[in-house]
Amino acid sequence: MIKTPVCDKLNIKHPIILGGMASATSTTMVASVSDAGGLGILGVTGLGTAKIREEIASIKRITDKPFGINFLLFKIDDNTFFDIIEEKVPVVSLAWASPDQDLRIYFNKAHEAGSLVIYMVGDVSESIRAAEAGADIIVAQGTEGGGHVRSMSTFTLVPMVVDAVKPCSVLAAGGIADGRGLAAALALGAEGVLLGTRFLATEEAPIHEKYKEAIVKSNGNDTVLTHIPDLISGTTWPAGSARTLQNDFIKYWSEREDLIDKDAKEINEASLTARKEGNTDKTSLLIGQNAGLIDSIMPVNDVIVEMVEQAENIITKCLPLFPT
Ligand SMILES: Cc1cc2nc3c(=O)[nH]c(=O)nc-3n(C[C@H](O)[C@H](O)[C@H](O)COP(=O)(O)O)c2cc1C
């Protein structure tokens with residue numbers, strides 16, 4: 001068993017957390033991660049108060065283990081957040097604040113409700129901002145990750161954030177898909193890991209099977225950082241860009257960026273439909289470089305069990321062989 005301070009803080013068995021990946025997460029997936037001893041986080045960005053309440057109730061019906069909800073701060077509707085915080089979920093996970101947003105307002109509200117606050121960052125200055133605002137746990141997310149990321153790699157970012165925010169707990173994210181990644185993250189000073197892409201390729205993930213198969217097929221070298229998904233959805237992120245599979249859709253629109261604006265609405269609707277129907281060459285697929293490490297679609301529980309066993313083996317049996 002790998003027990004770190006963050007396990008006690010979050011009241012979980014294994015230091016493995018599901019990234020709150022908006023509609024790519026579901027109540028079943030979240031409960032499965034929590035039941036397996038990790039922490040499931042449901043992405044609730046864009047959902048209204050009533051729907052989020054329903055989802056929280058649904059998770060509580062499936063599991064009595066801790067779980068969290070995730071909001072993208074730059075898109076947050078304050079009224080929804082302030083209403084939902086009264087649900088007193090164990091963990092409130094936040095990411096991607098605009099430069100002018102006051103993190104304390106959200107962190108304090110969550111703390112008053114008895115929730116722990118996790119905040120995700122892609123550089124050191126953002127980690128200091130979050131630590132000063134009172135985050136309980138900071139996720140250092142490297143550029144290898146799927147979805148929106150910044151430019152620092154996980155291997156360099158994690159120890160820099162650990163040093164910058166000491167004694168705040170840090171989780172590593174971006175590029176982690178197995179026990180080797182977990183063991184490495186602990187060696188870098190993180191107290192655990194937060195995973196996106198690995199959990200997308202699970203039986204419980206609420207995405208089309210073809211999306212999961214695209215992750216399994218990817219060699220990790222076929223992902224790209226791009227603004228295409230944001231140009232199409234008309235979203236301006238505070239920083240960074242999106243890591244996606246470089247499929248026909250991304251290649252096509254990368255050569256025609258200037259044409260997107262006038263037809264963005266139609267292109268977006270067609271892309272959302274294609275993703276829903278598993279037409280994977282006609283939509284953007286957010287995945288990380290670690291897709292190259294993923295060769296099967298597994299139950300969530302098996303992902304966690306295998307990851308912990310492999311990391312334990314590395315830490316207790318392999319690494320002690322090296323010093324002579
Ligand atoms: C499809 C997808 C959607 C995501 N949406 C969110 C989100 O809404 N909020 C968030 O904090 N992180 C989001 N992320 C980032 C993940 O939480 C996590 O940081 C990232 O996937 C870690 O890298 P990995 O994919 O290499 O494990 C998303 C990632 C993916 C792949």
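Strand 3 (67-72), strand 9 (192-195) and helix 9 (197-200) each supply at least two residues of the shell around the ligand. Helices here are DSSP runs of H or I with at least four residues, strands are runs of E with at least two, and both are numbered from the N terminus. You are looking at a predicted model, where local features need pLDDT of at least 70, side-chain atom pairs count only at pLDDT 80 or more, and totals for chains, interfaces and linings use all residues. Residues are numbered from 1 along each chain as its sequence is written.

How many residues surround the ligand? There are 29, and the closest are Gly19, Gly145, Gly147, Gly196 and Gly288. A residue is near a molecule if its C-beta atom, placed from the backbone, lies within 6 Å of it. By type, the shell has twelve nonpolar, 15 polar and two charged residues. Nonpolar covers Ala, Val, Leu, Ile, Met, Phe, Trp, Tyr, Cys and Pro; charged covers Asp, Glu, Lys and Arg; the others, Gly among them, are polar.

Now to the helices. Two packed helices are described by the angle between their axes and the distance between the axes. Axes are lines fitted to C-alpha atoms, for helices over the stretch in contact, and angles run from 0 to 180 degrees between N-to-C directions.

| Helix pair | Angle | Axes |
|---|---|---|
| Helix 2 (27-35) and helix 3 (49-62) | roughly 40 degrees | within 9 Å |
| Helix 8 and helix 14 | about 55 degrees | 7 Å apart |

Helix 2 is therefore oblique to helix 3. Angles under 35 degrees count as roughly parallel, over 145 as roughly antiparallel, 65 to 115 as roughly perpendicular and the rest as oblique. In this pair, Thr27, Thr28, Val30 and Ala31 of helix 2 meet Glu55, Ser58, Ile59 and Ile62 of helix 3. Contact means that C-beta atoms, placed from the backbone, lie within 7 Å. Four of these contact residues are nonpolar, three polar and one charged.

Helix 8 and helix 14 are oblique to each other too. Their contact includes Leu182 and Ala183 of helix 8, along with Ile314 and Ile315 of helix 14. It divides into seven nonpolar, two polar and three charged residues.

Which residues of helix 8 (179-187) are buried? They are Gly181, Leu182, Ala183 and Ala185. Buried means 20 or more other C-beta atoms within 10 Å of the residue's own; 12 or fewer is exposed, and in between is partly exposed, with C-beta atoms placed from the backbone. Their cover includes helix 7 (154-165), strand 8 (169-173), strand 9 and helix 14 (300-318). After helix 8 comes Gly189, with a positive phi near 105 degrees.

Methods. Contact = placed C-beta atoms within 7 Å.
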